[in-house]
Amino acid sequence: MIVGQQKPFDEIWEMVRGFKKVLVFGCNTCVAISHAGGGKEAEILASMLRMKATQEGLDMQVDNAAIERHCEPEFFEPMMEKVRSYDLVLSTACGVGVNFLADRIGDIPVYPGVNTSFYGAVPKAGFFVELCGGCGNCILHLTGGICPVVRCSKSLMNGPCGGTDKGKCEVSKEIDCAWYLIVERMKKLGTIEQLYTIQPPRNWSTGTHGGPRRLVYEHIMELEEEKKG
Amino acid sequence: MKSGSNLEKVILSGKPAVTAELGPPMSADPHEVVEKAHKLRGWCDAANITDCQTAVVRISSIAAAVIALREGLEPVMQMTCRDRNRIAMQADLLGAAALGLKNCLCIAGDHQKFSSAGRLKGHPGAKNVYDVDTCQLVGIMKKMRDESLQEGGDKIEVPPKFFIGASWTPMGDPMDFRPYNLKKKVDAGADFIQTQGIYDVVTFRSQMEKARNLGLHERTAILGGIIVPRSAMMLKYMDASVAGVTVPKALIDRMTKAKEAAGDDKKMARELQEAEGLKITVELIQQILDIPGVKGVHIQAIEWESAVEGIVKAAGLYPRPTFPAE
C-alpha cells in the first residue's frame with residue numbers, strides 16, 4: 001500500500017490560513033491505514049484548524065469529509081458538487097489523490113495535507129517499512145524476493161558494497177543491508193549461485209526516469225465504451 | 001599492454017606494486033595537490049586521487065589527477081557511482097583519457113548521508129545517482145577500451161585506454177560471499193584490485209586462499225590495502241566504526257602502550273604513537289606481500305603523505321621500478 005505521513009500542523013496552517021471555506025478531504029484506503037489521512041484523521045485535522053482559526057480571530061469555515069478512494073472517479077463523483085462549493089480542498093489522500101482531484105475539480109485549489117512516503121507494509125502496528133520502489137521492471141525472482149532497487153541505499157544490482165557492517169547499512173544502523181539479506185536468503189533457498197552472475201546495467205526507463213508512466217488496456221476501455229452505448 | 005600506465009608496467013614486471021593515496025582539498029587552490037604530489041612521487045608507482053571521499057565536495061578526482069600528473073606523479077583517478085549516470089561517466093572517461101589519465105578505480109562511493117561521518121555538513125539532502133554499480137562501471141570501461149563501444153552501443157573512434165581497478169572489502173559482511181563479490185568484479189574486467197585496509201592478516205590470508213581457489217589472483221592484480229595507523233584512538237575508531245575493518249587487540253594494545261609511555265607529554269605521545277604506527281605498517285606490508293597471490297600494497301597515509309617515503313624504504317620497496325620512455 002501507499003504509506004503517508006501527515007504534514008506538520010504549522011506547515012498546513014501556513015497553506016490554509018488565507019482561505020474562508022476549507023474542506024479537509026480524507027481517503028479511507030492506504031493513508032487511513034498509515035494513520036495519516038483517513039476520515040478520522042481528516043476530522044481531527046479539521047477540528048485543529050477550527051481551533052487555530054478561533055485563536056487567531058480568523059473567520060474561517062473548516063469542514064471535513066472522506067470517501068473510500070481518491071484514485072477512482074466512481075468514489076468521488078457523487079461528492080463533486082459539495083467539494084466544488086469550497087474555496088480550498090485540503091486533501092489528506094496520497095499524492096495520487098491530490099493530483100487526480102486537481103485535474104478534475106476546476107478552478108479550486110487542492111493542497112496536500114499528507115507527505116506521500118513510500119510503498120510499504122506494516123510488519124507490526126505503528127511500524128511501516130518501504131519494500132517496493134515501483135520501478136516497473138521487477139527482478140525479485142533474481143534476488144530472493146528482496147528488492148535491491150529500494151531496500152539497498154545505493155540500488156546496487158551487484159551488491160553488497162563495502163559499507164555493510166554486521167548486516168547493517170552504512171547509512172544507518174537501523175537499516176538492514178539488503179544485500180546481506182539477499183545473500184543469506186539465497187543461501188537458504190539453495191540459489192546462491194545465481195548471484196555469481198553479473199547483472200548488466202539496468203534499463204531504468206520503466207521507472208520514473210522514462211517520463212510520466214501510463215498503462216493502457218484498450219480492450220477494457222472498449223468494453224466500457226460499449227456498455228455506455 | 002592495455003593502458004601503458006606505469007602501474008600496469010610494474011604489475012606486468014612481476015615486482016610488487018606500491019600505490020598510495022592523495023585526497024584533494026575542499027578548495028579551488030591547487031597547491032595542496034601539488035604539495036602532496038611532491039611528497040608521494042618517486043615513492044609509489046601511482047597514487048589514487050579520491051573522488052569526493054566521505055561524500056564531501058572537493059577538487060574533482062579528474063582535475064586533481066591532471067595536476068598530480070603534471071607534477072610527475074602517476075594518478076589513479078577514482079570514479080564513484082554515486083554522482084554520475086552512465087552518460088556523465090563515459091563523458092568523463094573520454095575527457096580524462098584525452099587529458100592523459102591511464103588508471104581508473106571504480107567504486108560505489110560513500111552514501112551522501114555520510115558527510116565525513118558527521119564532522120562536516122556535507123550534502124545529506126543530495127540526490128544520488130547509482131545508475132550503474134561498480135561491477136557495471138568496470139564492464140562499461142572495458143567495453144569502451146576493448147570494443148570501442150559506448151554502453152549504449154555507439155562506436156568510439158578513439159577509445160579511452162584505462163587500466164581498470166576496483167575495490168574489494170575482503171572482510172566485509174557476508175564474508176563467505178566476498179570472494180564471489182571479487183570474482184564478479186574480475187569477470188567484469190577489473191585489471192587490479194585495491195582492498196579495504198587490512199589489520200587482521202590472518203583473516204585476510206584465509207579470504208585470499210578462497211580467492212586463489214577461484215583462480216582470481218591470476219586474472220587480476222590484488223593490492224592489499226593498508227591504512228597507516230597514527231594513534232590508538234584511530235585504531236579503536238576504525239575497529240568499531242569502519243565497515244569491513246577489524247583491528248586485532250594486540251595492535252591496539254601496542255599503540256596504547258606507545259601512548260602511555262609518554263605520560264602526560266602530549267607531543268611525545270603523538271610522536272611515539274606515530275613511530276609505532278610506522279612500525280606496524282611496515283610489518284603489515286611484509287606480512288601481506290608474503291601471502292600468495294598478492295601483487296602489491298595500497299598504502300593510505302591519510303593526511304600524512306610525508307610518511308610514505310619512510311614506509312616504502314623501511315619495507316624494502318625502494319627504489320621503485322622505472323621503465324624506459326616509449
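Helices and strands are DSSP runs, numbered from the N terminus. On that basis, helix H6 (residues 95-105) of chain A lies across E2, E4 and E5 of chain A and runs at about 170° to E5(A). The structure is a predicted model, in which 25 residues of chain A are in contact with 28 residues of chain B.

**Contact between the chains**
- The side of chain A that touches chain B comprises 13 nonpolar, seven polar and five charged residues.

**The open sheet of chain A**
- Four strands of chain A form an open sheet in the order E3-E2-E4-E5, with parallel pairing.
- The edges are taken by strand E3 (61-67) and strand E5 (110-112) of chain A; each has a single partner strand, so one side of each is left without a neighbour in the sheet.
- On average, neighbouring strands of this sheet are turned by 25° against each other, direction ignored.
- Three bridges, in the parallel sense, pair strand E4 (residues 88-91) of chain A with E5(A); A:Ser91 stands opposite A:Pro112 in E5(A).
- Helix H3 (residues 39-55) of chain A packs on the sheet, where it touches strand E2 (21-27) and E3 of chain A, and its direction makes about 175° with that of E3(A).

**Nonpolar cores**
- The largest nonpolar core has 105 residues, and those with the most contacts inside it are B:Ala47, B:Ala68, B:Met141 and B:Val308.
- Helix H8 (residues 178-189) of chain A supplies the largest share of this core, with seven residues.
- Apart from neighbours within four places in sequence, B:Ala68 is in contact with B:Leu22, B:Val33, B:Ala37, B:Ala47, B:Ile49, B:Leu73 and B:Pro75.
- A second, separate core of 33 residues includes A:Leu23, A:Val62, A:Tyr86 and A:Val98.

**Strand E1 of chain B**
- Six of the six residues of strand E1 (residues 17-22) of chain B are buried, so this strand is largely enclosed by the rest of the structure.
- Cover extends to both faces of E1(B): B:Ala17, B:Thr19 and B:Glu21 are buried on one side, and B:Val18, B:Ala20 and B:Leu22 on the other.
- With strand E8 (residues 294-300) of chain B, E1(B) pairs in the parallel sense over four bridges; the bridge partner of B:Ala17 in E8(B) is B:Gly296.
- With strand E2 (residues 46-49) of chain B, E1(B) is joined by four bridges and runs parallel; B:Glu21 stands opposite B:Asn48 in E2(B).
- The chain passes from E1(B) through helix H2 (residues 31-40) of chain B to E2(B), in a right-handed β-α-β crossover.

**A buried loop residue, B:Phe162**
- B:Phe162 lies in the loop between helix H5 (134-147) and strand E5 (163-168) of chain B.
- With 28 other C-beta atoms within 10 Å, B:Phe162 is buried, because the cut-off for a buried residue is 20 or more.
- Not counting residues up to four places away in sequence, B:Phe162 touches B:Ser3, B:Leu93, B:Ala97, B:Lys102, B:Asn103, B:Cys104, B:Met141 and B:Arg145.
- B:Phe162 and B:Thr19 are 143 residues apart along the chain, and their C-alpha atoms are separated by 16 Å.

**Helix H9 of chain A**
- Helix H9 (residues 218-228) of chain A is hardly covered, as the count of buried residues among its 11 residues is zero.
- A:Gly229 follows H9(A) and has a positive phi, near 75°.

Definitions and conventions. Residues are numbered from 1 along each chain as its sequence is written. Chains are lettered from A and ligands numbered from 1 in the order in which they are written. This is a predicted model: local features need pLDDT of at least 70, side-chain atom pairs count only at pLDDT 80 or more; totals for chains, interfaces and linings use all residues. Two residues are in contact if their C-beta atoms, placed from the backbone, lie within 7 Å. Ala, Val, Leu, Ile, Met, Phe, Trp, Tyr, Cys and Pro count as nonpolar, Asp, Glu, Lys and Arg as charged, and the others, Gly among them, as polar. Two strands pair if DSSP finds at least two bridges between them. Helices (H or I, at least four residues) and strands (E, at least two) are DSSP runs, numbered from the N terminus. Axes are lines fitted to C-alpha atoms, for helices over the stretch in contact, and angles run from 0 to 180 degrees between N-to-C directions. A nonpolar core is a set of buried Ala, Val, Leu, Ile, Met, Phe, Trp, Tyr and Cys residues joined through C-beta atoms within 7 Å. A residue is buried if 20 or more other C-beta atoms lie within 10 Å of its own, exposed if 12 or fewer, and partly exposed in between; C-beta atoms are placed from the backbone. A crossover is right-handed if, with the strands pointing away from the viewer, the path from the first strand over the helix to the second runs clockwise.
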